[in-house]
Amino acid sequence: MTDRVDMLAFGAHPDDVEIGMAATIAKHAQAGVRFGVCDLTRAEMSSNGTVELRQREAAEASEAMGIVYRSCLGLPDRGLTGSPDQIAAIVREIRKLRPRIVFAPYWNDRHPDHNAASRLVEEAVFNAKLRRYMPELEPVQVEQIFFYYINDVAEVDLVVNVSDWYEAKRRALSAYRSQFEPGPDTVATPLNQRYVENVEARDRLLGGQRGWSHAEGFAAKRPVEVRLF
């Protein structure tokens, strides 16, 4: 896998990025965009599955999306405090990979780890451009940060037509069998109670507003450039 990417998506846990934007990733990857994913934690506090199983599932999902890079920073699950060390770890990843565009979870989600990840990534994107911060690594100016939705959808500033790439999202999500499929050895959680069906319904509703079969939506805190001609 390459050490340089065009776009880099961060998630608190393996499967966060897939829930929010797997089809968008697949669409861009097929077009030749070098896309990477970085999971901040190993999701060691999850009710179902194991760290080792989640890593295998993440590898399968990565193949479905067509990404060129995936990493895990190994920060503590349910322990994303926003400490300087945690921000520095994300800055190192950004400066190593030098993406033009960064994606992070939407900042107001029902899961506190998603909110913490959003703040951490935003802080790291800012610090990554400061030449006197960690001066041993060359600074990086990220052009834009977009926020993808996991559990809920609020204001949508950008929608991506993923109608022709939605099957890739289905494959990516189906890789996480430990999370989304109920079984005799699993604990009932919101994730294995028709959660994937609800995600697809959300994406179908969002796409239907534009006459598409499916879309994925994003929020932005900075104005988004639109080229009309």
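This is a predicted model: local features need pLDDT of at least 70, side-chain atom pairs count only at pLDDT 80 or more; totals for chains, interfaces and linings use all residues.
Which elements do the buried residues of α3 pack against?

Now look at its surroundings. Of the 14 residues of α3, 10 are buried, so the helix is largely enclosed by the rest of the structure. "Buried" here means under 20% relative accessible area. Among the buried ones you can find Ile87, Ala88, Ile90, Val91 and Leu97, and also Gln86, Glu93 and Arg95. And here is the reply to my opening question: these buried residues pack against the strands β1 (7-11), β2 (35-41) and β3 (69-75), and against helix α4.

Next, let's turn to the pockets. Rolling a probe the size of a water molecule over the atoms shows where empty space is left. The largest pocket has a volume of about 520 Å³. Its lining is made of 23 residues, and those nearest the centre are Ser46, His111, Gln179, Thr189 and Leu191. Two elements, α1 (16-30) and α4 (112-128), each give two or more residues to that lining. By type, the lining of the largest pocket holds seven nonpolar, nine polar and seven charged residues.

The second largest pocket contains about 450 Å³ of space. Here 16 residues form the lining, with Met7, Ile101, Phe146, Leu158 and Val224 nearest the centre. Two or more residues each come from α1, β4 (101-105), β5 (144-148) and β6 (158-161). Which element gives the largest share of this lining? That is β6, with three residues. The lining of the second largest pocket divides into nine nonpolar, three polar and four charged residues.

You'll find it in the loop between α6 (177-180) and α7 (195-208). Is asparagine 192 buried or exposed? Its relative accessibility is 4%, so asparagine 192 counts as buried. Its side chain makes a polar contact of 2.8 Å with the side chain of glutamine 193. Leaving aside residues up to four places away in sequence, asparagine 192 touches Asn48, Gln179, Phe180, Glu181, Pro182, Thr186 and Val187.

Terms used: Residues are numbered from 1 along each chain as its sequence is written. Side-chain values use heavy atoms; hydrogens and water are left out. On a 1 Å grid over the protein atoms alone, a cavity is a set of points where a 1.4 Å probe fits but cannot get out, and a pocket is an open set with protein on both sides within 12 Å along at least five of seven lines; lining residues have an atom within 4 Å of a point. Grid points are joined across faces, edges and corners, and a volume is the space filled by probe spheres set on the points. Helices (H or I, at least four residues) and strands (E, at least two) are DSSP runs, numbered from the N terminus. Ala, Val, Leu, Ile, Met, Phe, Trp, Tyr, Cys and Pro count as nonpolar, Asp, Glu, Lys and Arg as charged, and the others, Gly among them, as polar. Buried means under 20% relative accessible area, exposed over 50%, partly exposed in between (1.4 Å probe, protein chains only). Contact means heavy atoms within 4.5 Å. A polar contact is a pair of N or O atoms within 3.5 Å; within protein, one must be able to donate a hydrogen and the other to accept it, and residues adjacent in sequence count only if both atoms are side-chain atoms.
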